[in-house]
Amino acid sequence: MPKELIDFEIYLVYVDSEKCDGCEECIKYCSVDVFDFFVNKAVPARPRNCLGCRTCEAVCKSKAVIITEI
Ligand code: SF4
Ligand code: SF4
């Protein structure tokens, strides 16, 4: 019996800590709890949760978040 292939997306979540001003908007809007807040910066602590919605990119006024599909 042939094995079934399952197609799914994986996303890289990157925060440029030089640009991050600690506004916490990405943390507030991410529905799957990807980010933690550490020493006044957002940290993508659970990137495997990412759904690729790019809401965090949209709400980050500092352009510190980059989502990449891999
Ligand atoms: S929205 Fe942008 S600036 Fe604000 S905490 Fe997140 S990464 Fe930092
Ligand atoms: S792209 Fe969506 S799911 Fe992924 S970290 Fe940003 S807000 Fe969360």
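This is a predicted model: local features need pLDDT of at least 70, side-chain atom pairs count only at pLDDT 80 or more; totals for chains, interfaces and linings use all residues.
**Cavities.** I searched the whole structure and got two cavities of 30 Å³ or more. I counted 15 residues lining the largest cavity, with Cys30, Val34, Cys50, Cys53 and Cys56 closest to its centre. That lining splits into 11 nonpolar, three polar and one charged. For the second largest cavity I got a volume of about 80 Å³. Its lining has 14 residues, and Cys20, Cys23, Cys26, Ala42 and Cys60 are the closest to the centre. By class I noted 10 nonpolar, two polar and two charged there.

**Ligand 2.** Which cavity does ligand 2 sit in? I found ligand 2 in the largest cavity. The residues around ligand 2 include Cys30, Cys50, Cys53 and Cys56, along with Val34, Phe35 and Ile67. I sorted that shell into nine nonpolar, two polar and one charged.

**Ligand 1.** Ligand 1 went to the second largest cavity. It has 13 residues around it, and Cys20, Asp21, Cys23, Cys26 and Cys60 come nearest. Its shell gave me eight nonpolar, two polar and three charged.

**Cysteines.** How many disulfides does the structure hold? I got zero. Cys56 has a relative accessible area of 10%, so I put it down as buried. Cys60 comes out at 11%, so it counts as buried too, the cut-off being under 20%.

Methods:
Residues are numbered from 1 along each chain as its sequence is written. Chains are lettered from A and ligands numbered from 1 in the order in which they are written. Side-chain values use heavy atoms; hydrogens and water are left out. A residue is near a molecule or strand if one of its heavy atoms lies within 4 Å of it. On a 1 Å grid over the protein atoms alone, a cavity is a set of points where a 1.4 Å probe fits but cannot get out, and a pocket is an open set with protein on both sides within 12 Å along at least five of seven lines; lining residues have an atom within 4 Å of a point. A molecule sits in a cavity or pocket if more than half of its atoms lie within 2 Å of its grid points. Ala, Val, Leu, Ile, Met, Phe, Trp, Tyr, Cys and Pro count as nonpolar, Asp, Glu, Lys and Arg as charged, and the others, Gly among them, as polar. A disulfide is a pair of cysteine sulfur atoms within 2.5 Å. Buried means under 20% relative accessible area, exposed over 50%, partly exposed in between (1.4 Å probe, protein chains only). Grid points are joined across faces, edges and corners, and a volume is the space filled by probe spheres set on the points.
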